[in-house]
Amino acid sequence: PNVMDRYEFDLGKLSSWVDEGISPVVLNQFQVRYDPHTNSIVYPVRDADGNILVIGSRTLDPDWKTKGLRKYVYLSKWGANTVLWGLWENKQAIRNNKEIIVFEGAKSVMKCNTWGICNTVAALTSALNEHQLRILIGLGCNVVIAFDKGVNVWKDATVRKLRHFTNVSAIVDDCD
């Protein structure tokens, strides 16, 4: 049984992500669901073999800041930072393109998939770690880092290390 089956695929509750440009087909592809008990959007974090390591959760509470809630949480600490989110689903497109685009967040990956750009993954943070470095080296393809505005990827020691093994470039948002 798939642990994600305990959650609902409720497009009404997932509408905020649909409104941001993620298609229902892609939400379903990545098994994005709704958890009525926590009023949050949940999604699996898989390893490169498709095994679910942990479940990510994004609160839908509009007052999350004033209540002191975290916007994104993982239902277990173990495993979230040892993977590149979306690699399982997008591995073939990455191989075909011989290039991988690394975003910070899962929503960016799903938006790209909606647009037909499927050679993407998410680090789920604003810096690469040693686990992710090994995965990227093992893929043997060019790497494009597309982290959020204000993140200087060239200051990241892991990115500098990665440049010894493959071509690395960055998409930098410098718009005001």
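Reply: Two strands pair if DSSP finds at least two bridges between them. Helices (H or I, at least four residues) and strands (E, at least two) are DSSP runs, numbered from the N terminus. This is a predicted model, in which local features need pLDDT of at least 70 and side-chain atom pairs count only at pLDDT 80 or more, while totals for chains, interfaces and linings use all residues. Residues are numbered from 1 along each chain as its sequence is written, and side-chain values use heavy atoms, with hydrogens and water left out.

Me: What makes β1 and β2 a pair?

Reply: DSSP must find at least two bridges, and β1 and strand β2 (residues 40–46) have three, in the antiparallel sense. Asp35 stands opposite Ser40 in β2.

Me: Which strands are at the edges of the sheet?

Reply: The open sheet has four strands in the order β1-β2-β3-β4, with antiparallel pairing. Its edge strands are β1 (33–35) and β4 (72–74), each of which pairs on one side only.

Me: Why is Arg95 called partly exposed?

Reply: Buried means under 20% relative accessible area, exposed over 50%, and partly exposed in between (1.4 Å probe, protein chains only). Arg95 has a relative accessible area of 49%, so Arg95 counts as partly exposed. Arg95 is found in helix α3 (residues 87–97).

Me: How do you know that Arg58 has no salt bridge?

Reply: A salt bridge is a side-chain nitrogen of Lys or Arg within 4 Å of a carboxyl oxygen of Asp or Glu. Lys and Arg count as positive and Asp and Glu as negative; His and the chain ends are not counted. For Arg58, which is buried, the nearest side chain of opposite charge is Glu20, 5.8 Å away. Arg58 is found in strand β3 (residues 52–59).

Me: Where is Asp156, and which side chain of opposite charge is nearest to Asp156?

Reply: Asp156 is in the loop between β7 (142–146) and α6 (157–162). Asp156 is also buried without a salt bridge, and the nearest side chain of opposite charge, Arg160, is 6.7 Å away.

Me: How many residues does the largest nonpolar core have?

Reply: A nonpolar core is a set of buried Ala, Val, Leu, Ile, Met, Phe, Trp, Tyr and Cys residues joined through side-chain atoms within 4.5 Å. The largest has 25 residues, and those with the most contacts inside it are Trp17, Val32, Trp85 and Met110. Helix α4 (106–114) gives the most to this core, with four residues.
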